[in-house]
Amino acid sequence: MNFGRKFGDAIRRFGGAMIVPVLLFPFFGIIIGIATLFKNEAIMGQLADPNGLWFQIWSLIENGGWTVFENIELIFVIGLPISLAKKSAGHAVMSSVVTYMMFNYFINSILSTWGPAFGVDFKGDAGEVTGITELAGIKTLDTNIIGALIISGIAIWLHNRYYDKKLPESLGIFQGSPFVVMIAFFAMIPLAFLTSWGWPIVQGWIASLQVFLASSSYVGVWLFHFLERILIPTGLHHFIYTPFEYGPAVVDGGIKSYWISHLTEYSQTTKPLKEIFPGGGFLLQGNIKMFGSIGIALAIYSTAKAHKKKEVGALLLAATLTAVFAGITEPLEFTFIFIAPFLFLIHAILGATMVTIMHGFGLVGNLGGGFIEIAATNWIPLFGSHWGTYVAQFIIGIIFIFIYYYLFRFIILKMDIPMPGREKDDDIDAKLYTKRDYKENKNKKNSDKNEYETKAAIYLEGLGGTENIADITNCATRLRVTVKDPEKVEEADYFKTVGGAHGLVKSGKNVQVIVGLSVPQVREAAEQIIKHDA
């Protein structure tokens, strides 16, 4: 039982850590989308002449935009240790990269020598169809993001376990990262052999899965989006969408990369998008973030007590704009996800149903993020040729805003759910204000600290002090902490009113402080405080 809990905690931390590299992708996706728009002759006319300076400049910009998509494996290998390393994250990054490179060099050597024995034609050229790729100059099996996650995870585990290992004085030169890499060296040899044998089999399964998903129609689309949403509280939703968005579950390289690379082609045809990309309905959850969030926020606001509407409206406005434009829904969803889990189940069902209907009207593409990313990689470059699909998308989305609003409002009122602004104790603000005053007076000596350091100090005290922290990581908006004694952790009101957090989630020794988009800076400040107090 204890092992299962620890394993689940590790999986959740791993899933949350994947958001670090993922946060790079919206910007680069927007750059590629804009460049594609400005290179499109159908939109820009003669200005987009391939031989002209305008076209050449935007080609230069577009090539820069492909930086992360063409090196996605390395981005994850570098990004994961930043969140998962318990100490010396920079050294963990180096060990992770070196381990991953060793792994692929070993595969290259194995298949160059014994390729036919493993059923792999390693003499052919690298390419999507062959299952062979070239990574940083290394010809190797295309294990895609799955291989990157596994190898990086192994390297991080070795780093956390052996980085501080004390060696005899005569071997002191090998302490730290060299010792971690030495162990990884010998671990990668058998793993490379196992991968050379097993991955071609997995590639066959993936090929079959691609065919199935492309033909599974609406059931597969609905189930994908339902699971992606309902698993958010566990952090496991990353493992639902990642193989589709960045991995080979539907197309090699992931839907995002495939879609963006074909934008020019799609913008020059009037054929239905669903016809030219039949497997592209598995990345539509951005519609839930845009339309669903608006309906939920309106319902919460309308059910708040009259004298609290102004306060609640200010909070909801910021959270809703974050969800709609940036695609980060946690500040809004975590206002009710644990107060009324039944509402969150309805949210997942409604969201999956909405995007499945949109898919039925022909919607496919890179629509997993927020408004800005969706506009840049869908509407702007493709509206001229596929306006009908996007008009249908908005009509369906607006209809579901009303469905969300009326259904959530009815349930909140019927079940008297204590949503923000509906607290039974109308004097709660006065009580919390006194507590805040006490805390502010107590921390006057820290008034010279910046915002992140101040929040970090407040959160650490609320978590029972630095001595109560066993492990600390973060995802997109949450500070994920493992504490030694959960009884020492303050209640959610402390973190909200004293530290300005959006909320608190406690499950045994696992605590999540909902900080917001500044969580990486707060975590770094917290680590410095912990290191100083050690």
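Reader: Why is Glu62 counted as buried?

Author: Buried means under 20% relative accessible area, exposed over 50% and partly exposed in between, with a 1.4 Å probe and protein chains only. Glu62 has a relative accessibility of 12%, so Glu62 counts as buried. The model is a predicted one, in which local features need pLDDT of at least 70 and side-chain atom pairs count only at pLDDT 80 or more, while totals for chains, interfaces and linings use all residues. Residues are numbered from 1 along each chain as its sequence is written, and side-chain values use heavy atoms, with hydrogens and water left out.

Reader: What makes the pair of Lys39 and Glu62 a salt bridge?

Author: A salt bridge is a side-chain nitrogen of Lys or Arg within 4 Å of a carboxyl oxygen of Asp or Glu. The closest N and O atoms of Lys39 and Glu62 are 2.5 Å apart, and the pair forms a salt bridge. Lys39 lies in the loop between helix H3 (25–38) and helix H4 (41–44), whereas Glu62 belongs to helix H5 (residues 53–65), 23 residues apart. Lys39 has a relative accessible area of 16% and is therefore buried.

Reader: How many salt bridges does a search of the whole structure find?

Author: The search finds nine. One of them joins the side chains of Arg229 and Glu333, at 2.7 Å from N to O. Arg229 is part of helix H10 (residues 217–230) and Glu333 of helix H17 (residues 330–333), so this pair ties together parts that are 104 residues apart in sequence. Both residues, Arg229 and Glu333, are buried.

Reader: Why is H15 called oblique to H18?

Author: Two packed helices are described by the angle between their axes and the distance between the axes. Helix H15 (residues 286–303) packs with helix H18 (residues 341–360) at an angle of about 130°, and their axes are 10 Å apart. H15 is therefore oblique to H18, because angles under 35 degrees count as roughly parallel, over 145 as roughly antiparallel, 65 to 115 as roughly perpendicular and the rest as oblique.

Reader: Which residues make the contact between H15 and H18?

Author: Contact means heavy atoms within 4.5 Å. H15 contributes Asn287, Ile288, Phe291 and Ile296, and H18 contributes His347, Gly351, Ala352, Met354, Val355 and Met358.

Technical notes:
Axes fitted to C-alpha atoms, helices over the stretch in contact; angles between N-to-C directions. Helix = DSSP H or I, 4+ residues; strand = E, 2+ residues; numbered from the N terminus.
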